Amino acid sequence: MHALPASPPEAVTPANLLDRSLDRLRAWRDRQIASPAFRRWAATFPLTRPLARRRARELFDIVAGFSYSQVLLACVRLQLFERLAQGPATVETLAPLFQLPPDACLRLLDAAVALRLLSRREQRGAAGRRVLYALGPLGAPMVGNTALTSMVEHHAVLYADLADPLALLRAPLGSAAMARYWAYARSDQPQALADTQVADYSALMAASQPLVADEILNAYPLAQHACLLDLGGGEAMFASAVAQRWPHLRLVVFDLPEVAKRASARLERLGLAHRASAVGGDFTRDALPLGADIISLVRVVHDHDDDRVMTLLRAARQALPAHGVLLLAEPMAGTAGAQRMGDAYFGMYLWAMGSGRPRRVADLAAMLKAAGFTQPSLLRNATPLQTQVLIARVASAG
Ligand SMILES: C[S@@+](CC[C@H](N)C(=O)[O-])C[C@H]1O[C@@H](n2cnc3c(N)ncnc32)[C@H](O)[C@@H]1O
């Protein structure tokens, strides 16, 4: 253990007297919880038993989380959920199908039942009792869900970086495999990235975009807008969802040149080229296309450090007319009921990627104001875990 340097003495005020008393109380409580004898007592005393059990379960889930994730990965790789969507099956049917020894298959199926990915059913027939495996409440939503399965597969890169978390935290930013995957994250010349460097992350973003498009479009109707510019709009998945929902709207996607080419191709394929186009460039250096009365930044801001974000927000502010709207949507730190997602998941994810950070609503609102936007406000949406939606306005011409 490292000795902490002593803090300089503080002046005594009523406020810090209260703080000190609370600190002493918390330190006493923590000493109790750290004591095995207290924990043994708390686990059996009727009034503390429910809390003690819950805490033990929560801690165990953190200890075991990686195993749970890998059970899910195995199910995804076997396309087990899709198979069981056709009907329940026995281990005798599934094991040869998945080229697994029966015992190994059974081990996986039971693990997935415990995680509620699958459920187990017993059937009695003339030949006796048979055990069938079916979808569980957490496995059913995985069926055909490429948004989630592509994230699960992609975690192989993240978990390889996280295998030694201290090495990751001590290494220079940008030296992990995730930084190579997200090639723009540490690049000084992102506009020069080749197609091969953007292909994998662009495909992942396109596959996972359905997790957020409806959330955003249900939260913010675009009826009163004429033209949307989607900055960092990837392969135009969000723009296509907007185009489908709002047929009057013109759309422009701005992204790195090789990604913009992919976006153009998609817009062409979908027959949207008459009202939607894609422009390539670096949104922190190049002039942004003019003419939009709303600019969206979907899952973009968290990727970048504060100075880049401020450059981007100021550029967006300049590109909007008076009363134009900026819509910023991404998973945010401190989301009520989903705190782990922000600081524990995205915090480590973006560290491995080598740039950006998960931000709280208040951080983003302050940055929007500093960039010249007014009235930043958080909209209500159905699943804040997946994204939250902030809008802000331009008060006068930029
Ligand atoms: C995390 S992805 C999000 C894509 C899309 N908005 C979505 O939600 O699916 C971030 C996008 O920003 C783009 N991007 C990153 N840096 C950029 C830059 N300097 N100029 C333009 N686009 C950039 C990336 O190419 C990528 O498509």
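The model is predicted, so local features need pLDDT of at least 70, side-chain atom pairs count only at pLDDT 80 or more, and totals for chains, interfaces and linings use all residues. Residues are numbered from 1 along each chain as its sequence is written.

Start with the whole. The C-alpha atoms fill a box of roughly 75 × 70 × 40 Å, taken along the principal axes. The secondary structure comes to 16 helices and 9 strands. These are DSSP runs numbered from the N terminus: helices are H or I with at least four residues, strands are E with at least two. Of the 398 residues, 30% count as buried. Buried means that 20 or more other C-beta atoms lie within 10 Å of the residue's own; exposed means 12 or fewer, and partly exposed is in between, with C-beta atoms placed from the backbone.

Next come contacts. Two residues are in contact if their C-beta atoms, placed from the backbone, lie within 7 Å. Among contacts with a separation of 6 or more, 64% join residues 24 or more positions apart.

The protein is divided into domain 1 (49–142) and domain 2 (147–394). These bounds come from an automatic or database domain assignment. The centres of the two domains, taken over C-alpha atoms, are separated by 35 Å.

Now look at strand S9 (residues 388–394). Of its 7 residues, 6 are buried, so the strand is largely enclosed by the rest of the structure. S9 pairs with strand S7 (residues 325–330) in the antiparallel sense over 6 bridges. Strands pair if DSSP finds at least two bridges between them.

What about the interior? In soluble globular proteins, nonpolar side chains tend to be buried together. A nonpolar core is a set of buried Ala, Val, Leu, Ile, Met, Phe, Trp, Tyr and Cys residues joined through C-beta atoms within 7 Å. The largest one has 67 residues, and Leu251, Val253, Ile295, Ala316 and Leu326 touch the most other members. Helix H14 (residues 306–319) gives the most to this core, with 6 residues. A second, separate core has 17 residues, including Leu94, Ala112, Tyr133 and Met142.

Not counting residues up to four places away in sequence, Leu251 touches Leu228, Asp230, Ala239, Val242, Ala243, Arg275 and Ala276. Compare Ala160, which lies in helix H7 (residues 146–162). Ala160 is partly exposed, because 13 other C-beta atoms lie within 10 Å. C-alpha to C-alpha, Ala160 and Leu251 are 38 Å apart in space, and they are 91 residues apart in sequence.

Finally, turn to the ligand. Of the 21 residues around the ligand, Met205, Gly232, Gly234, Phe283 and Arg299 come nearest. Helix H10 (195–208) and helix H12 (237–245) are the elements that give two or more residues to this shell. H10 supplies the largest share, 3 residues. The shell divides into 11 nonpolar, 6 polar and 4 charged residues.

How values were computed: Near = placed C-beta within 6 Å. Nonpolar A, V, L, I, M, F, W, Y, C, P; charged D, E, K, R; others polar.
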